[in-house]
Amino acid sequence: MATQSIVSGATIGFLVKIYPKISETFILEELLGLERHGLRPHIFSMHQPTDAVSHEANGAVRAPITYLPPAGVSNTMPGVRAHIALIVKRPWRYLQALLFALRREEGGRMRAFFQAGYLANRLSKAGIRHLHAHFASEPAGVAELVSKLAGISYSISAHAKDIYLSSPGSLRRKINGARFTVTCTEYNRKHLVGIATPEATVLRMYHGIDLDRFQRGPVAERAIGVPLLLSVGRLREKKGFATLIEACRLLRDAGTVVRCKIVGYGEEHDGLAGLISRHGLKEVVQLAGKMTQAELIDLYRNATVFALPCQVASDGDRDGIPNVLLEAMAMELAVVSTNVSGIPEVIQNGINGLLVRPGDAAALAVAIGRLLDDPALRRRLGEAGRHTVATRFCSEDNLQTVRQLLLAASRGVGEGAGNYAVARERSPFLRHRERRRHRPNGTGQSG
């Protein structure tokens with residue numbers, strides 16, 4: 001039986017940079033969850049997919065996908081026709097949006113404007129009244145221009161690099177123009193609140209994990225033999241994989257027998273491979289490349305310890321709360337990470353995992369060695385980790401809040417009116433923001 005929102009034809013535009021993308025499981029989980037709750041999203045991707053493999057769960061997404069035409073190539077006639085239609089229909093609005101785009105500080109202004117024109121025309125024809133952009137960088141920039149061209153509202157999901165590598169002025173402009181902005185950690189939320197004006201709505205929405213999918217399984221113990229140290233992430237400086245490799249060298253030199261598998265891909269692959277070779281660790285550390293979620297779940301089940309020594313990169317980039325940490329904890333793996341960004345919001349040192357200083361290979365090696373030597377500690381931290389994910393990182397609660405906000409925005413009812421009020425009651429962080437707005441100093445800054 002169709003839900004009320006499907007009967008009423010509520011449809012939301014979802015704008016992403018690349019879809020599907022194997023490293024962005026949080027977007028996949030959100031789409032599946034919102035569809036489960038009756039929303040009808042239409043996915044718009046700025047670029048074609050680049051991964052040769054994809055997660056099986058992508059096949060369960062019912063939303064149609066439209067790829068925006070790239071600017072500056074021969075097959076752009078649909079985009080040109082869309083811009084002509086916008087000029088004919090509302091020439092003054094089109095001119096104002098063009099001038100706004102030219103004044104923006106970001107690069108790629110005309111490329112973004114070209115794609116925004118195509119998207120604005122598509123949304124208007126489809127009767128879609130709200131666009132939700134994942135990432136506060138290029139997708140939010142296109143959504144902002146779509147709003148100028150078509151007069152529809154937009155909202156933003158901000159995550160990591162898009163926050164810390166964007167200029168404060170650009171972020172402030174996009175957030176202030178958005179119906180609402182959600183981000184995946186309290187650390188991020190405070191950062192964005194400090195940039196935005198007091199009137200902007202900025203909410204913390206943790207990424208949720210599907211606990212039915214991430215279960216340890218019937219195996220009572222981890223794989224027999226050499227312990228497996230597992231790590232997962234894009235091969236980027238902020239993940240701290242060089243520190244992990246150095247920790248593996250220290251463990252080896254101390255006589256600890258362990259094999260380490262790093263799952264992921266990225267620009268640091270060759271540098272990390274060279275580091276492994278220089279340390280003589282080819283028999284100890286393996287760069288395993290891309291894996292699907294199903295393949296990764298099998299690895300979680302066979303792993304002994306999970307380590308992800310995140311750090312702030314030299315350009316300021318940093319993680320929020322990596323989804324793989326939540327996945328490993330849901331699988332009852334004992335985890336080791338660092339006290340960077342939003343990670344202490346999920347891991348309490350000695351309670352449900354271990355935390356060390358970023359960039360400290362010696363401390364990381366000690367923490368890993370401690371877990372390898374103490375099965376009872378691994379079991380206790382693993383069980384506490386799953387409990388943390390089950391009680392604090394439930395996808396259903398956050399999905400209900402986002403669903404209410406998106407439905408309210410799609411109906412064009414002020415800042416949500418009735419539905420916004422429901423979302424407000426579900427979100428203590430929204431109530432907290434509104435209390436701050438009414439404080440006498442009116443600064444809207446968080447502590």
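Leu-95 is partly exposed, with a relative accessible area of 37%, where partly exposed lies between buried (under 20%) and exposed (over 50%), for a 1.4 Å probe and protein chains only. The model is predicted, so that local features need pLDDT of at least 70 and side-chain atom pairs pLDDT 80 or more, whereas totals for chains, interfaces and linings use all residues. Residues are numbered from 1 along each chain as its sequence is written, and side-chain values use heavy atoms, without hydrogens and water.

Leu-95 is found in helix H4; helices (H or I, at least four residues) and strands (E, at least two) are DSSP runs numbered from the N terminus. Together with Trp-92, Leu-99, Leu-102 and Met-110, Leu-95 forms a nonpolar surface patch of about 500 Å² accessible area (Shrake-Rupley method, 1.4 Å probe, with only the protein chains shown as cover for residues). Helix H4 (residues 91-103) supplies the largest share of the patch, four residues.

An open sheet of seven strands has the order S3-S2-S1-S4-S5-S6-S7, with parallel pairing; two strands pair if DSSP finds at least two bridges between them. Strands S3 (65-67) and S7 (202-204) are the edges, each pairing on one side only. Strand S1 (residues 11-18) runs parallel to strand S2 (residues 40-47), to which seven bridges join it. Phe-14 stands opposite Ile-43 in S2.

Methods:
Patch = residues over 30% accessible without salt bridge, like charges linked within 9 Å, V, L, I, M, F, W, Y side chains within 5 Å. Salt bridge = Lys/Arg side-chain N within 4 Å of Asp/Glu carboxyl O.
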